[in-house]
Amino acid sequence: MEQEKPELHRQQDGKDELNLAEFPLSAIADRLDPKQKSMVFEDRVWDRNRGEMVTRQLLITAAEEYGLPTALDDEVILGLVQLSRMRGFADRHVSFTRYQLIQLLGWRDESKSYQRIEKSLNRWIGVTLYYQNAWWDREGQCWVDEKFHLLDNVTLYDREKYSHRNRAQTPLPISSFTWNEVVFRSFRAGNLKSLDFDFFKRLEGAVAKRLYRFLDKRFFHRPRWEFHLQELCWEHVGLARSYDAANLKRKLRPAIEELERHEFIRPASDTERFRKVSSGEWRVLFERAGRGAAKVAAPPSDTNALCQALIDRGVTRSTALEMVETFPKERIQHQLEVFDWLLSRKDARLARNPA
């Protein structure tokens, strides 16, 4: 071993960096086409600073030799975040042993795991992240462009190569990694959320793990969310864009069932979970499990009328709540006026899909 077995802390009070929880950093699969050297994830959100919708995009590129990160590589990065948390995010240079990281991740203590750790770290050194309007700068309170590697350098010591030092009773050298300044600055700025890391490790499916991290971040704001199915699966979970709505639901169901079994989200029937909006377009609903989670929080009194106006025009309550929390009331009022104008002209578009 690289050194004696360390005493590991319980990880219910783990941490996740908010930017890293928003978009996938890896493919959801364990194997990728070696010819594929890049991935792109993007969505559109309301930017309050600019007063307009903006496109956020994350482009991930890989080194020729090691390729793009997979689901296991994403777990390794999350494990490194926990190692830094255990040291209070005091320094971007972190000493560790592969044995410690393997124990933290819950992997088997065998040669294959040590090799997998090294392969993953080699891969991350070669991965470049290009955030466009997609990296939240907590200090500046705005979306910014950032281009960086997550890790600046990694030093690994082979336990066999240095085993002779045991005979000489000389301490084995310890491995280390150094975070890039961008992500470490985000750690120090407090752009972090609590994460039940033990719960994360109990999840079996890669889709369930990715969905858990994303939903756990969103549930901080409110216990009930409704997403466009395609956007959630393609841009925030990382499922293949070649999947149509039927296949996306099929791929998502096992993850949903796993999160239901672990009582993270409230169980729901298929008809309640998935709602068809128009041809080929679906929405998917999630509600956090637990006491009071089944109740949809009432909007503040000054938005009650606006929320009800949307519901009266065919928008579901959950979507209406999401809209009044996301968009300025002036923008929503303008759209209501447009709706009423189209209604007075008996516009055919309202007959097809009023909401």
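Q: Which ring does the charged end of R56 sit over, and at what distance from its centre?
A: This is a predicted model, where local features need pLDDT of at least 70, side-chain atom pairs count only at pLDDT 80 or more, and totals for chains, interfaces and linings use all residues. Residues are numbered from 1 along each chain as its sequence is written, and side-chain values use heavy atoms, with hydrogens and water left out. A charge sits over a ring if NZ of Lys or CZ of Arg is within 6 Å of the ring centre and within 35 degrees of the ring normal. For R56, that ring belongs to W143, and the distance is 4.7 Å.

Q: Is W143 buried or exposed?
A: Buried means under 20% relative accessible area, exposed over 50%, and partly exposed in between (1.4 Å probe, protein chains only). W143 has a relative accessible area of 19%, so it's buried.

Q: How do the rings of W136 and W143 pair: stacked or edge-to-face?
A: Rings of Phe, Tyr and Trp (its six-membered ring) pair if their centres lie within 6.5 Å; planes under 30 degrees apart are stacked, over 60 edge-to-face, and the rest tilted. Here the centres of W136 and W143 are 5.0 Å apart with planes at 70°, so the pair is edge-to-face.

Q: What are the relative accessibilities of W179 and F187?
A: These two rings pair up as well, with centres 5.2 Å apart and planes at 85°, so they're edge-to-face. Both count as buried: W179 is at 0%, and F187 is at 2%.
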